[in-house]
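Here are my notes after a pass through the model you sent over. Have it open beside you while you read.

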Amino acid sequence: MSFFDIKNALLIGFFMAFMIGPVFFMLIQTSILKGARAAIVFDLGVILGDISFILLAYYGSRPLLEKIKDDPRLFFIGGMVLIIYGLITYFDKENKKQVEESEEMVNIPVKNNYLKLFLKGYFLNFINIGVLTFWLGAVLVIGPSFDMSRNAIFSYFGFIILGYFITDLLKIFLAKKLKDKMTPSMVFRIKRIMGIILIVCGVFLMLKGFIPTEQINSFIN
């Protein structure tokens with residue numbers, strides 16, 4: 001790999017880190033409410049989800065992957081999971097109870113369930129079929145330029161993920177600066193906004209399974 005290839009891969013990873021979606025918002029929320037270490041563990045789960053899709057895209061057959069990525073049932077299931085998780089986040093009674101009991105500053109919990117955070121990051125990323133589509137497209141576009149060399153392709157994707165992870169670290173530590181301003185009412189509002197975002201993302205994911213992408217894009221524009 002040339003320096004030019006490495007630079008391009010790192011830039012792709014940088015821009016990927018700012019793609020707006022449920023993972024983006026959950027990473028920021030986790031950093032603010034649970035601390036940088038918890039957010040890093042969550043992000044490692046997200047990255048494992050990306051690696052799983054890369055392996056699936058590379059080793060899976062193209063006809064099979066084309067069929068999977070357009071299967072409306074997968075979009076529907078993924079969308080439903082996001083909607084349910086969004087509803088749980090929005091109607092979490094514990095958040096409201098904290099607001100009613102105190103308006104003191106929020107303390108970052110001393111203990112976090114890191115395994116749960118890791119799995120949450122993994123599955124939140126893995127249920128997004130759009131991520132599979134991205135990596136499938138990347139394999140089909142980038143692969144021929146490296147003569148389908150496994151080592152070269154995986155090295156290129158490795159630098160993409162490295163750029164993504166480094167950018168996420170910067171986002172995590174910047175978001176962590178906001179924790180000193182967090183009151184229970186602020187946390188309550190953030191989690192409700194997060195719930196709405198997840199529900200909206202879930203609805204759009206479901207729609208992508210039944211409505212052609214061109215129609216969705218024309219409606220948005």
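Predicted model: local features only at pLDDT ≥ 70, side-chain atom pairs only at ≥ 80, totals over all residues.

1. Mean pLDDT for the chain comes out at 76, with 73% of the residues at 70 or more. Helix 3 (residues 36-59) has the highest confidence, at a mean of 90, and helix 6 (residues 93-101) has the lowest, at 51.

2. On to the packing, where the angle between the axes and the distance between them describe a pair of helices. Helix 3 and helix 9 (residues 150-176) have axes 10 Å apart and an angle of about 160°. Angles over 145 degrees count as roughly antiparallel, so that is the label for helix 3 and helix 9. Their crossing is right-handed. In the contact of helix 3 with helix 9 there are 20 nonpolar residues and 5 charged ones, but no polar residues.

3. Next, helix 1 (residues 3-16) against helix 9: the axes come within 7 Å and cross at roughly 45°, and the two helices are therefore oblique to each other. This crossing of helix 1 and helix 9 is right-handed. On the helix 1 side, the contact includes Asp-5, Ile-6, Leu-10, Gly-13 and Phe-14, while the helix 9 side includes Tyr-156, Phe-159, Gly-163 and Tyr-164. Split by class, the contact of helix 1 with helix 9 has 11 nonpolar residues, 4 polar and 1 charged.

4. Helix 2 (residues 22-34) also packs on helix 9, with the axes 8 Å apart and an angle of about 45°. That makes helix 2 oblique to helix 9, and the crossing is right-handed. Helix 2 brings Val-23, Phe-24, Leu-27, Ile-28, Ser-31 and Ile-32 to the contact, and they meet Tyr-164, Asp-168, Lys-171, Ile-172, Ala-175 and Lys-176 of helix 9. The class count for helix 2 with helix 9 is 8 nonpolar, 1 polar and 3 charged residues.

5. How many salt bridges does a search of the whole structure find? The search turns up 1. The partners are Asp-168 and Lys-171, whose closest N and O atoms are 2.8 Å apart. Both sit in helix 9, 3 residues apart, so about one helical turn separates Asp-168 from Lys-171. Side chains of opposite charge can pair when their charged atoms come close.

Technical notes: Residues numbered from 1 in each chain as written. Heavy atoms only, no water. pLDDT = per-residue confidence, 0-100. Helix = DSSP H or I, 4+ residues; strand = E, 2+ residues; numbered from the N terminus. Axes fitted to C-alpha atoms, helices over the stretch in contact; angles between N-to-C directions. Parallel < 35°, antiparallel > 145°, perpendicular 65-115°, else oblique. Left-handed = near helix turned anticlockwise from the far one by under 90°. Nonpolar A, V, L, I, M, F, W, Y, C, P; charged D, E, K, R; others polar. Contact = heavy atoms within 4.5 Å. Salt bridge = Lys/Arg side-chain N within 4 Å of Asp/Glu carboxyl O.
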